[in-house]
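Me: I'm new to this one. Could you walk me through how to read its features?

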Amino acid sequence: ATLRATHAADSASGPGGVDVELTVDASIPGFQIVDKYHSVETAGYCSLRLDKSYSHGSRKAEETTNFDLSQRTATRATAHSDGKSDVTTPSCPHDILAFLFFVRSELAQGRLPQQQPVFFGAVYDVRLQFRDTEPVKLTGRSVDADKITVSYRGPASNGAFDMFLAKDAARTPVLFRVPLSIGVFSAELTK
């Protein structure tokens, strides 16, 4: 998995805004699995837009969610169709990537965020639980990281996964472990 974040001096997200991209390639021989996410956020990690696309074998989808902070709404639109839906948001909504950066910021200040809605197509109720600090082996080195269990509940699915954030000042994400029906999918983030 590759995570890229750019802090912009002046962009669509405003002064100090954040532009984040996450690409996950879990392809296996004969079956392509590629997910791409792009988030535009304010300097305070409030979502402005989330672009989401995936290719899982022959299944492909694209959608965009635009957040109107002044109206406290999010409009989700799927590509290649007229499908649109609106939902009410908090004053500072978080899509999945904005939430990750918000969590990192809060942990750097010694706080674990409270349960809250997170936008990822549908709206998910997300709760974090600190588990422990453990060494995580990464490409020839070991990094002490906080293990946090992320529990989520949405309209059609619920579950939990573990994320590991380094104990550095930036609280760098280093590993995600997601249980699936066929086994545990681990994604090590590369720099």
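Reply: We'll go through the disulfide and then the nonpolar cores. This is a predicted model, where local features need pLDDT of at least 70, side-chain atom pairs count only at pLDDT 80 or more, and totals for chains, interfaces and linings use all residues. Residues are numbered from 1 along each chain as its sequence is written, and side-chain values use heavy atoms, with hydrogens and water left out.

Me: Which cysteines form a disulfide?

Reply: A disulfide is a covalent bond between the sulfur atoms of two cysteines. Here the cut-off is a pair of cysteine sulfur atoms within 2.5 Å, and the count comes to one. Cys46 pairs with Cys92, with 1.9 Å between the sulfur atoms. The torsion about their S-S bond is about -105°, so the disulfide is left-handed.

Me: Is Cys46 buried or exposed?

Reply: Buried means under 20% relative accessible area, exposed over 50%, and partly exposed in between (1.4 Å probe, protein chains only). Cys46 has 12%, so Cys46 is buried, while Cys92 is partly exposed at 24%.

Me: What about the largest nonpolar core: which residues have the most contacts inside it?

Reply: In soluble globular proteins, nonpolar side chains tend to be buried together. A nonpolar core is a set of buried Ala, Val, Leu, Ile, Met, Phe, Trp, Tyr and Cys residues joined through side-chain atoms within 4.5 Å. The largest has 27 residues, and Leu3, Leu128 and Met163 have the most contacts inside it. Another core, of eight residues, lies apart from it and includes Phe164 and Val174.
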